[in-house]
Amino acid sequence: MPDALETLQRQHLAALERRYADRLDALGYDGVLIYSGHPTLHYGDDQHASFQSYGHFQHWTGQAGLAHSWVLVRPGRPTVCFFHAPDDFWHLVPSLPDEAWVEHLEVITGRFDTAPEVKVDRLAVIGDVSPQMVSALGADCNPPALLKALDEGRVRKSEYEIACLSEANRMALRGHRAAREAFLAGDSELDIQLAYLKASRQRESEVPYGNIIGLGAHGAVLHYQHYDHLSPASRRSLLIDAGCRYRGYCADITRSWPGPDADPAFAALVPAMHEIKQQLVAALAPGIGFVELHEQMHRLLGALLVDSELVIGSAEAAVTQGVTRAFCPHGLGHLLGIQVHDVAGRIAADGSPLPPPNAHPALRLTRELEAGMAVTIEPGLYITPMLLEPLKSEPAAREINWKLVERLAPHGGIRIEDNVVVTQTQPRNLTAENE
C-alpha cells in the first residue's frame with residue numbers, strides 16, 4: 001500500500017466529511033445514506049447487464065463494481081460503510097482492499113440487499129433507490145437540492161483524486177502503446193482492442209467506457225461501437241479512444257495514428273491536430289470560460305483547414321459558415337473524474353443551469369474553469385459524409401476542396417485527447433506526464 005497515496009486518501013476523506021457536514025447542516029439533514037446500486041437483469045432474461053457503482057459511493061470508497069453496499073454519513077459521528085459480502089458458493093465474495101478508507105471508515109460486512117436500519121431524525125437516501133425501497137426509513141429519496149450540492153463537491157479534485165487520475169492515465173497509455181504496435185503490425189480492430197486490454201490489465205467489463213477502435217473510415221464515427229474481426233486490406237489510419245479506471249477514477253485518452261498506407265495529406269494533419277491540442281491545453285486557467293475555449297478550437301481548426309487546403313476560402317468564413325462544425329461536431333471536452341463525463345459540467349457553482357450555446361449543443365462543459373478541475377481537451381477533424389454533404393447546397397460549397405475531402409474520406413478522422421488539471425499557475429497535463 002503506497003504510503004503517500006494512503007496519506008492523501010485520508011486527507012481526502014477528512015475533507016469529504018467536513019464538506020458533507022456543511023451541506024447536510026445547510027439543508028437540514030442529520031445524515032445521508034448512499035447506495036452503491038445493483039445490477040439489473042436484461043428484459044426477459046436471467047443475465048445481468050454490466051454494472052458500475054454510483055458515483056457518490058465511489059467518491060468515498062473508490063469501489064467501481066461493488067453492489068448492494070451503502071455509505072452512511074452523519075456529521076459528528078464515524079462514517080460507516082455497509083460492505084455487501086454475503087456467504088455465496090455461486091460467486092466469489094467481495095473482499096476489502098488494502099486501502100486507507102477501510103481503516104478510516106467503520107466497515108460493517110454482511111448482507112445488505114435492503115437498506116440497513118438507520119436511526120436519525122431526518123435522513124436522505126441517494127442513489128438508484130425507489131421510495132418503496134427505503135420507505136421503512138422514513139427518508140427523503142434523492143432530494144434535488146442535496147444531489148446538486150454533492151455534485152458540486154466533486155467538481156474540484158483533491159490531491160488524492162488527481163493522483164488516482166494520473167495513475168489511470170499511466171495505465172491507459174500502456175494500452176495505447178500496445179494498440180499502436182498492433183495496428184502497425186496489421187491487426188484487426190478486435191485484435192487491437194485485445195492488445196489494449198492486455199497491456200492496460202483490464203477486463204472489457206472494467207473499462208470506464210466502451211473503447212473506440214476505428215480503422216480507416218470507421219474513425220469518422222464519433223462513438224464507433226464495433227470491432228471488425230478481419231485485418232484491413234490497407235493500413236491508412238487508427239483512431240483509438242480508450243481509457244482505464246484506478247480506484248474509481250477514469251482516464252479518457254484518444255490518439256490518432258497514420259498508417260503506412262496513409263495519404264501524405266492525412267499524415268500531415270495528425271501532428272497539426274496535436275499542436276492545436278497543445279495550444280488549447282496551454283490556455284487553461286482559472287476564470288477562463290470553457291465555451292470561449294471551444295470557440296477558440298473552431299478558430300484554430302478553421303486555420304488548419306485553410307493551411308491544409310481542405311478549405312480554399314478564409315478561416316473566419318469557415319467558422320461563421322458552419323464549415324468547422326461539419327468537420328468537428330462535438331464539444332472540446334468535459335469534466336473528468338469518477339465518471340468519464342463527470343457531474344456538474346453545465347451547472348454553475350451557485351446551482352444555476354448553464355446550457356450549451358445553440359451553435360454547440362454537444363458541449364458538455366459550459367462553466368468557467370476553476371483550479372482543481374480535471375478536464376479533457378479533445379479537438380477533432382473528421383471526414384463525415386453525413387455532415388459534409390449538406391454543405392454542397394450551401395454557399396460554403398465553393399470554398400471546400402471536395403477532391404481532397406474525397407481523398408481523405410477513407411482515413412476517417414483525427415481526435416487527440418489529453419486529461420488536464422487546471423491549477424493556479426500552469427495547467428498540469430496528466431497524459432503528457434505519463435506518455
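View 1. The structure holds 2 cavities of 30 Å³ or more, where a cavity is a set of points, on a 1 Å grid over the protein atoms alone, at which a 1.4 Å probe fits but cannot get out. In the largest cavity lies about 40 Å³ of space, a volume being the space filled by probe spheres set on grid points that are joined across faces, edges and corners. Its lining consists of F266, L269, L381, I383, L408, G413 and I414, and the elements giving two or more residues to that lining are helix 7 (264–282) and strand 12 (413–415). Lining residues have an atom within 4 Å of a point, while helices (H or I, at least four residues) and strands (E, at least two) are DSSP runs numbered from the N terminus. The lining of the largest cavity divides into 6 nonpolar residues, 1 polar and no charged, with Ala, Val, Leu, Ile, Met, Phe, Trp, Tyr, Cys and Pro counted as nonpolar, Asp, Glu, Lys and Arg as charged, and the others, Gly among them, as polar. This is a predicted model, in which local features need pLDDT of at least 70 and side-chain atom pairs count only at pLDDT 80 or more, whereas totals for chains, interfaces and linings use all residues. Residues are numbered from 1 along each chain as its sequence is written, and side-chain values use heavy atoms, with hydrogens and water left out.

**View 2. The second largest cavity.** This cavity has a volume of about 30 Å³, and its lining is formed by Q9, H12, Q58, H59, W60, T61, G62, Y160, R247 and Y249. By class, the lining has 3 nonpolar, 6 polar and 1 charged residues.

View 3. A pocket is an open set of points with protein on both sides within 12 Å along at least five of seven lines, and the largest pocket contains about 1,500 Å³ of space. Of the 40 residues that line the largest pocket, P39, F51, G65, L66 and A67 lie nearest its centre, and the lining as a whole comprises 15 nonpolar, 14 polar and 11 charged residues. The second largest pocket, with a volume of about 360 Å³, is lined by 19 residues, of which H223, D241, H341, R364 and E378 lie nearest its centre.

**View 4. The largest nonpolar core.** A nonpolar core is a set of buried Ala, Val, Leu, Ile, Met, Phe, Trp, Tyr and Cys residues joined through side-chain atoms within 4.5 Å, buried meaning under 20% relative accessible area with a 1.4 Å probe and protein chains only. Of the 50 residues in the largest such core, L310, V323, F327, L369, I377 and L381 touch the most other members. Leaving aside neighbours within four places in sequence, V323 is in contact (heavy atoms within 4.5 Å) with L305, V311, A318, L391, A396 and I400.

View 5. The open sheet of 3 strands has the order 10-13-14, with antiparallel pairing, two strands being paired if DSSP finds at least two bridges between them. Its edge strands, strand 10 (374–377) and strand 14 (428–429), each pair on one side only. Strand 10 pairs with strand 13 (residues 418–421) over 4 bridges, and V375 has V420 as its bridge partner in strand 13.
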